[in-house]
Amino acid sequence: MPEGPELYMSGQFINQTCRNNLFSGQIVKSLVSRQPDIDWNEETYTISAVTRGKELKLTLQSIPNDQKENKKCAKKQNKTLDIVFQFGMSGKFDFYEANELQKHAHLNFFTKTENNKSVQMVLSFVDYRRFGKWQPNGNWSVERGPCVLTDYIPFRENILKNVELSVFRKPICEVLLNQKYFNGIGNYLRAEICYRAGIPPFQDARSVLEPLLTETNEVKIKSEKPDILQLCHLLPNEVINLGGTGYDPENRDPDYSKFTEWLQCYYKPGMKNMADHNKRTMWYDGNPGPLKPSVEKVRKIKRKKKASEEVEKTVLKKPKVEKIEDDSKAEITGKSKRTRKTASGPITRKNVTEEENLKKSKKKSSAKAKNADLEKSSLKAAGKRRATRRKQSKTSVSDTNISCTPKQKMAGNTVRRTRRGKRS
DNA sequence: CGTCCACGTCTAC
DNA sequence: TAGACCTGGACGG
């Protein structure tokens, strides 16, 4: 899910679905999660959300009993708790029937059911890669700047008053991922922003941004094209206005093609790409710019997959659901201590440079041998680690094999799943 | 089967 | 500036 727009839409989703629901009881964490427990156990509470860049703040607010309300309301304030989330690479919120928790549901909030009148639902933070984080009593990270979506003016000022700092002497495409200045921009947005601004991605950021300092309002109004900082606000807004769920190839809604059609550069056929200095793939068109990495590492496009092509084959969703059932037994339990892997060598990727690509046809074997020499040990190590992981997961249980509340256990027999936008 | 890649941070040489 | 942190889909042999 997660760049600024996806976070923002998650917040909308939470507010819409939680508006009509009361929640109750403890907040249940998966056994595998290394994130903090949430100390909360209120009979009745509400949930709301607000976002800032790539962070989302959940606010839990308890509602006192009717009887107490009149007497004690003034003196005893409703209890509230803020939890600040980062989504990592795969975090998202989902709301579904609480019969059985999703495999990678790591933090779960259960609705209140009055005398079994209604089906119990759960709001889950689902995050299969577990790079996501949360912090109870948290506040917005001080390391992150104003939100490109919701704080546009401060966002712009924060950059323009700091353009002289050394961080802005890096390529613009890399600075665009610096959350201290571009809170909410991620890898697909930076590609779209540079592309639409017509700026070579590896041009230094200061030279791109400095001209905006002297730009008068008059100039701005006259110019047809929004400048790059405006694009940082406008493009995320466009994604939101598509009405889908934004970037979300895994759990695609029927409208996902809207998003892929909106993209003009990221992963688009005909566009070029290159790993930046942090090994993140930068998609661009035309001239890469002077600060491009000296070794050009180009990713091969593998990912034509189903994205836009097999829109018609909605049938494929069925097998996927079945697979989830299978997988739900294949996770690891709470004691996955996962002692830090003693890295037995650097784990470098086997990247293919452009030159190597060319040479490959002729000198394939030698290039390969060289690579192999360099990376044999490390690759082996990586392979071993994977193997180990697989073994582990064979003997283990699901992420969501969490200590259930009695209610859940009761409901645990019924096998039924609902996933957002996915009913077949 | 092994390898590469993915919407993002972090911290340790 | 490599790696670690993770799971899993796609692809190649």
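The side chain of Asn-183 reaches the backbone nitrogen of Lys-54 at 3.0 Å. This is a predicted model, in which local features need pLDDT of at least 70, side-chain atom pairs count only at pLDDT 80 or more, and totals for chains, interfaces and linings use all residues. Residues are numbered from 1 along each chain as its sequence is written, and side-chain values use heavy atoms, with hydrogens and water left out.

**Exercise 1.** Describe the surroundings of Asn-183.

*Solution.* 
1. Asn-183 is placed in the loop between helix H4 (172–175) and helix H5 (187–197). Helices (H or I, at least four residues) and strands (E, at least two) are DSSP runs, numbered from the N terminus.
2. With 0% relative accessibility, Asn-183 is classed as buried. Buried means under 20% relative accessible area, exposed over 50%, and partly exposed in between (1.4 Å probe, protein chains only).
3. A polar contact of 3.0 Å joins the side chains of Asn-183 and Arg-144. The term denotes a pair of N or O atoms within 3.5 Å; within protein, one must be able to donate a hydrogen and the other to accept it, and residues adjacent in sequence count only if both atoms are side-chain atoms.
4. Leaving aside residues up to four places away in sequence, Asn-183 touches several residues, including Arg-52, Gly-53, Pro-146 and Cys-147. Contact means heavy atoms within 4.5 Å.

**Exercise 2.** Determine whether Leu-107 is buried or exposed, and locate it.

*Solution.* 
1. Leu-107 belongs to strand S7 (residues 105–110).
2. Its relative accessibility is 0%, so Leu-107 counts as buried.
3. Among the residues that Leu-107 touches, not counting those up to four places away in sequence, are Ile-27, Lys-29, Phe-85 and Trp-134.

Conventions:
Chains are lettered from A and ligands numbered from 1 in the order in which they are written.
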